[in-house]
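This report concerns a structure whose sequence and coordinates are shown below.

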Amino acid sequence: MRRFLLVLGNDVRRHLKSPVVILIFMAIPLFMTALIGIIFAPRTEGMELSPIQLLLVDHDKGLASKLLLGSFDVDQMKKMFQVTVTDEAEGRKRMEKGKASAMIIVPERFTLDLLEAKMTVLTVVKNPAEQFLPDIVEEFVNTMAVMLSGAVQAFAEEARGIRAMLDGPIASFPWDKLGPELGKAQKKMVAAEKVLNPLLLGLKEEETQAAGAKTRFTQRDLFSIMLPGMAIMFLLFIVQTLMRDIISEREDGKLRRMMTTPLRPMELIGARLASGWVMGIAVLLVMVAAGSLIFRAQWGNFGYFLILGAAASFWTAAFFGLFHALVRNRNQAGAFAAPIILAFSLFGGSMMNAEAMPKAFLAVGVATPNRWFIDGATLVREGKFPALSLLVLVGSGLVLAALAVPALRRRTWV
Amino acid sequence: MLEIKNLTKSYGDVLALDRFSLDLKKGEVLGLLGPNGAGKTTLISILSGTLGDFTGTVNFQGRNLFADREVKNRLGIVPQDMAFYDELSAMDNLLFWGGLYDVPRADIKKRAAELLELVELAARAKEPVKNFSGGMKRRLNTAIGLLHKPDLLLLDEPTVGIDVQAKVSILEIIRNAGAAGTAVIFTTHQLAEVETTCSRIAIMDRGRILAQGTLDDLVRIVGERDIVEIAGEFAAAVFSEAVKDLAGERVELLSAADGLASLAVSDTAEIPRIMDRLFQRRLAVADIKIKSPSLETVFLKLTGRNLRD
């Protein structure tokens with residue numbers, strides 16, 4: 001037992017003294033999770049588009065163009081659009097340089113034509129280098145045109161009166177006649193308000209409350225679902241790398257030297273499997289901590305998760321104990337280990353959600369530790385004890401260990 | 001202390017050890033000389049307990065060497081491989097490897113510090129071994145085998161690939177171990193090493209000991225004769241045929257290979273006769289060397305080969 005603990009302690013100390021490989025393998029799943037999460041997670045907070053750069057050329061400088069320009073000055077529009085008023089030559093230069101998404105050109109006599117109920121045209125120049133922002137501007141201008149047209153037609157009589165007053169010089173503007181015209185318009189607006197207010201149609205926002213359903217799927221949820229799959233995949237890589245000592249020590253003479261000491265083969269084999277197990281648990285715990293701190297991932301009951309992680313690490317150590325007893329050398333181990341781990345991860349659900357997998361994949365996945373660990377982690381996250389996953393991982397792990405020990409025993413006879 | 005009788009080991013059809021027998025006393029330092037494939041490493045591996053499927057007996061201090069695993073506490077092994085952990089320090093390596101033996105925990109650290117002084121690594125005791133030179137690694141490799149103060153120390157070519165300074169240091173350690181009462185067997189290709197280090201030398205080839213004794217004992221096998229080494233462009237068979245009728249008490253053909261032959265002569269006056277015979281047969285001679293009797297000539301006589309062959 002003393003020698004078993006000595007070898008175990010030495011293995012752990014060595015791995016901690018050269019942690020580069022472990023750190024790289026731990027950083028990869030965290031990085032991949034972050035990348036996938038950022039790309040695919042729903043934007044729920046603080047994820048707004050930057051304002052659309054919009055140029056406005058006002059050849060009219062009249063009441064209607066001021067109304068149009070003013071419509072961009074309300075709070076909601078300010079969030080969407082950053083409007084710069086410019087002259088047409090400068091505006092076109094800026095558009096050619098791609099400095100804005102769109103440019104609206106208000107023609108001369110825009111106000112007068114509207115008041116006279118004549119056809120007039122607003123021009124929207126779009127930046128072809130941008131995909132959808134110029135279209136937003138175009139749609140907005142269309143809406144404004146419809147609203148202005150509607151308003152002009154509704155107040156056509158008052159508009160004609162006001163238009164007639166504009167023909168004379170400003171000094172002789174008949175201010176006394178403006179009041180009655182505005183009064184008529186006001187009456188129409190009051191009448192319209194009676195029709196429109198209160199609004200008969202309201203809008204109520206509500207989310208589904210189906211049993212078990214979450215009200216909103218957040219980025220944090222995505223990380224919580226993804227991380228266990230990534231964690232088991234890279235746990236396999238890490239434990240495989242650490243347990244490669246079984247072969248390398250055979251090749252470089254350390255195993256032979258150990259066997260010249262009173263150390264028994266079973267003590268050495270036990271220590272090797274135990275060090276893979278212990279390091280696996282340690283690695284998982286670090287990943288859990290990193291996942292919680294970086295992604296605010298939820299793991300559920302920590303005790304349950306620890307038991308599940310210990311079972312998965314045990315399975316992994318037993319599997320790679322057997323694996324390294326069967327391969328001939330380091331090159332073979334390197335060549336076979338990566339495809340096996342990737343196949344486990346593909347079929348076991350580390351690379352894609354089980355719901356998105358073909359049925360054949362799901363059937364094969366049952367034979368992988370990834371499937372059982374991910375299923376177990378899902379149950380733990382939901383507050384349930386992962387009994388079936390534990391049973392499968394520990395049971396099959398024991399079978400693998402039972403096969404690994406005699407195979408490794410043969411390997412220690414150098 | 002060590003008694004090996006009729007040890008036989010084969011790899012398929014190849015006989016690595018052929019009824020090998022050897023006795024070793026306490027404090028004796030035995031240098032085992034032999035060309036590649038002579039069976040040296042096979043012998044060390046069997047004595048280390050890492051090679052099985054052999055016949056014969058090995059008794060150590062009156063007990064079967066392989067009967068009790070605890071006997072391994074009295075064996076120290078220095079393998080040819082640098083068998084330690086590069087990522088650990090010299091001190092950590094000594095503590096780990098020493099810990100595998102039944103050395104009292106309190107003694108290990110003290111003993112490790114003493115050994116690091118002995119192999120001149122004390123100043124770098126806490127540095128990772130991967131930063132060490134080849135010579136420093138060899139010294140550490142040797143120190144690991146000595147940590148538990150073994151009664152029998154087995155070293156398999158402990159000076160391979162190191163500088164002169166490190167070699168001198170390791171040979172000094174071996175001599176000191178013998179002086180302290182440890183029985184030592186070490187294998188080597190280097191004749192000079194056994195000449196200066198060993199109290200007894202054994203020459204082995206094809207799995208058997210051909211001759212053993214002190215340096216003087218072995219030199220006597222060749223006698224007081226000088227060795228004439230002739231190099232040139234000739235076939236071994238033609239050379240042998242040319243000097244055949246000169247062979248007798250005064251001239252002995254030790255070895256003949258294509259382009260190189262060795263003869264032992266009791267009088268240097270025989271050399272012109274030999275050359276005359278070679279010229280008569282039109283054999284082209286490029287170089288001739290005359291050597292005094294040495295371990296090398298003994299080895300050549302016994303094995304018919306140079307040690308580096």
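## Basis of the model

This is a predicted model, in which local features need pLDDT of at least 70, side-chain atom pairs count only at pLDDT 80 or more, and totals for chains, interfaces and linings use all residues. Residues are numbered from 1 along each chain as its sequence is written, while chains are lettered from A and ligands numbered from 1 in the order in which they are written.

## Chain B overall

Chain B holds 10 helices and 14 strands; helices (H or I, at least four residues) and strands (E, at least two) are DSSP runs, numbered from the N terminus. Of its 309 residues, 41% are buried. A residue is buried if 20 or more other C-beta atoms lie within 10 Å of its own, exposed if 12 or fewer, and partly exposed in between, with C-beta atoms placed from the backbone.

Among contacts in chain B between residues at least 6 apart in sequence, 70% link residues at least 24 apart. Two residues are in contact if their C-beta atoms, placed from the backbone, lie within 7 Å.

## The six-stranded sheet

Six strands of chain B form an open sheet with mixed pairing, in the order S6-S7-S8-S3-S9-S10; strands pair if DSSP finds at least two bridges between them. S6(B) pairs with S7(B) (residues 152-156) in the parallel sense over four bridges, and B:Val78 stands opposite B:Leu155 in S7(B).

Two helices pack on this sheet. H1 (residues 40-48) of chain B touches S3 (29-33), S6, S7, S8 (183-188) and S9 (200-205) of chain B, and its direction makes about 145° with that of S7(B). H4(B) touches S6 and S7 of chain B, and its direction makes about 170° with that of S6(B). Axes are lines fitted to C-alpha atoms, for helices over the stretch in contact, and angles run from 0 to 180 degrees between N-to-C directions.

## Packing of H2 and H4

H2 (residues 90-99) and H4 (residues 134-146) of chain B pack at an angle of about 30°, with their axes 9 Å apart. H2(B) and H4(B) are therefore roughly parallel to each other (angles under 35 degrees count as roughly parallel, over 145 as roughly antiparallel, 65 to 115 as roughly perpendicular and the rest as oblique).

In this contact, B:Ala90, B:Asn93, B:Leu94 and B:Trp97 of H2(B) meet B:Leu140, B:Ala143 and B:Ile144 of H4(B). These residues comprise six nonpolar, one polar and no charged. Ala, Val, Leu, Ile, Met, Phe, Trp, Tyr, Cys and Pro count as nonpolar, Asp, Glu, Lys and Arg as charged, and the others, Gly among them, as polar.

## An open strand

S14(B) pairs with S11 (residues 226-233) of chain B in the antiparallel sense over seven bridges, with B:Ala231 opposite B:Asp287.

## Phe81 of chain A

A:Phe81 is found in S2 (residues 81-86) of chain A and counts as buried, with 22 C-beta neighbours inside 10 Å. Not counting residues up to four places away in sequence, A:Phe81 touches A:Pro51, A:Ile52, A:Leu54 and A:Phe72. The C-alpha atoms of A:Phe81 and A:Leu54 are separated by 6.4 Å, although these residues are 27 apart along the chain.

## Contact between the chains

The contact takes 20 residues from chain B and 19 residues from chain A. On the side of chain B, S6 and H2 are the elements that give two or more residues. The residues of that side divide into nine nonpolar, five polar and six charged.
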